[in-house]
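Here are some exercises to work through with the sequence and the 3D structure open beside you. Try each task yourself before you read its solution.

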Amino acid sequence: MPSLKDLKNRIESVKNTRKITKAMQMVAAAKLRRAQEAAEAGRPYSEGMNKVMRSLAAAAADGEGPKLLAGTGSDQTHLLVVMTAERGLCGGFNSSIVKLARQKIEDLQALGKTVKILTVGRKGRDQMKREFEDLMVGHVDLSDVKRVGYENATAIARDLLARYEAGEFDVATIFFSRFESVISQVPTEAQIIPVAPAEAEAGEEESGKVVYEFEPGEEEILTELLPRAVATQLFSALLENAASEQGARMSAMDNATRNAGEMIDKLTIQYNRSRQAAITTELIEIIAGAEAL
Amino acid sequence: MAETMQFDLVSPEKRLASFAARAVQVPGSEGEMTVMPGHAPVITTLRPGIVRASGESGEEEFIVTQGIAEISSDSVMIVAEQSFPRSEMKRSDLERLLEEARARAAAASEEERLTAEKFVEELVHFIEMME
């Protein structure tokens, strides 16, 4: 049985913890709003990019097309880009992305493919390192970045393209978390190299059929556009990830705050009982003493 | 024939403009062009320059560096890597862009150097024109 003083100390410390988690929850809520706005602001661009890509891909479908669109003709070496957060304390956010990536690695290895891993974000690197250290080929550190910008995405894209040109891999897949709502973030994988234009949505079919003229030629436009399409996909993944991270952190901290509250209630009851017991014991002692006289 | 067409200008970080325009001047890489409703469908890359769109509420100007324009008979969509309203853009900003482009050209690999240097040249040309 802990003493009264111990209980009091524990209640105090849980209260402090609750203050911290509450504050973190509010910070995450504010950041989430900003991240969501950024994700929404980025959507027209990636949609526009996709639309142009579809028109181009349709026009270039009959030809060979550049390597970025057509692939290297093999799928022996896979590069997995695992995008996670720089910080923890956000529930299962990082783990679920890593779990999806691990599953994929095992599947690919079972098929006899070579797997390489590039991590974005410290948490993912730490978790992947435990099992797959020998597969890791690089890491992108975003810990100094307050708000992910397009230039972060272009930097990653440039790195990927240089590796692709050097023949380091045939297929690149990104792993990130798609933001559905505050309580639901879906770990997602998406292939970015070779570039696969997203399927046209229903209702957009009509515009896809227009035959475009190209200035300069299709090839030139494709060589200019494809690297940018990669960067765009990375950028929207980064934005989705940022929003998901804050959402996950918010609900994790909300849970933590609630748990702390429950714990305080429980400890308080225990404290009161012990106090009552101590008083009763004391009374019994006094009465027993008085009767003995 | 419709009087106006849908004009959209988007950059990775935000949507800069979206309105009905009567004419849009686009700095295509093969030359300036003015697009009016009913234009033949064209996809063109852009070089640094000014996008000028005249709509109901007057003319709006934007500076774009690189990007792509998708033109169809009833819409113009410009997907620009970097874009700013002209009124917000000062000479010093342009020079900063140029500085960055130069740095990138210097650091670029063999194959990329040509494109990067071409971009620097076009930017210099554009800044001279602005004066």
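**Exercise 1. Domains and overall shape**

Which domains does the domain assignment of chain A give?

*Solution.* Before we start, note that this is a predicted model, in which local features need pLDDT of at least 70 and side-chain atom pairs count only at pLDDT 80 or more, while totals for chains, interfaces and linings use all residues. Residues are numbered from 1 along each chain as its sequence is written, and chains are lettered from A and ligands numbered from 1 in the order in which they are written.

Step 1: The assignment gives domain 1 (4–21 + 253–292) and domain 2 (39–251); such bounds come from an automatic or database domain assignment.

Step 2: The centres of domain 1 and domain 2 of chain A, taken over C-alpha atoms, are separated by 53 Å.

Step 3: Look at the overall dimensions. Along the principal axes, the C-alpha atoms of chain A fill a box of roughly 115 × 40 × 35 Å. The radius of gyration of chain A is 28 Å, whereas a compact globule of 293 residues would have one near 19 Å. This radius is taken over C-alpha atoms, and the globule rule is 2.2 Å times the number of residues to the power 0.38.

**Exercise 2. Counting elements**

How many helices and strands are there in chain A?

*Solution.* Step 1: Chain A has seven helices and six strands. Helices (H or I, at least four residues) and strands (E, at least two) are DSSP runs, numbered from the N terminus.

Step 1: Read from the N terminus on, the order is α-α-β-α-β-α-β-α-β-β-α-β-α.

**Exercise 3. The nonpolar core**

Which residues touch the most other members of the largest nonpolar core?

*Solution.* Step 1: Recall the background: in soluble globular proteins, nonpolar side chains tend to be buried together.

Step 1: A residue is buried if 20 or more other C-beta atoms lie within 10 Å of its own, exposed if 12 or fewer, and partly exposed in between, with C-beta atoms placed from the backbone. A nonpolar core is a set of buried Ala, Val, Leu, Ile, Met, Phe, Trp, Tyr and Cys residues joined through C-beta atoms within 7 Å.

Step 2: The largest core has 84 residues, and A:Val81, A:Val82, A:Val230 and A:Leu234 touch the most other members. Its largest share, 18 residues, comes from α7(A).

Step 3: Zoom in on A:Leu234. Leaving aside neighbours within four places in sequence, A:Leu234 is in contact (C-beta atoms, placed from the backbone, within 7 Å) with A:Ala153, A:Ile156, A:Ala157, A:Ile174 and A:Ile192.

**Exercise 4. Where chains A and B meet**

Which elements of chain A give two or more residues to the side that touches chain B?

*Solution.* Step 1: The contact takes 25 residues from chain A and 21 residues from chain B.

Step 1: On the chain A side, these elements are α1 (4–60), β6 (213–215) and α7 (218–292). The largest share, ten residues, comes from α1(A).

Step 2: β6(A) pairs in the parallel sense with strand β4 (residues 42–46) of chain B over three bridges; strands pair if DSSP finds at least two bridges between them. Here A:Glu213 stands opposite B:Val42.

**Exercise 5. Strands of chain B**

How many bridges join strand β5 to strand β6 of chain B?

*Solution.* Step 1: Seven bridges join β5 (residues 49–55) to β6 (residues 58–64), and the two strands run antiparallel.

Step 1: A hairpin joins β5(B) to β6(B) through two residues, and B:Ser54 stands opposite B:Glu59.

Note on methods:
Two residues are in contact if their C-beta atoms, placed from the backbone, lie within 7 Å.
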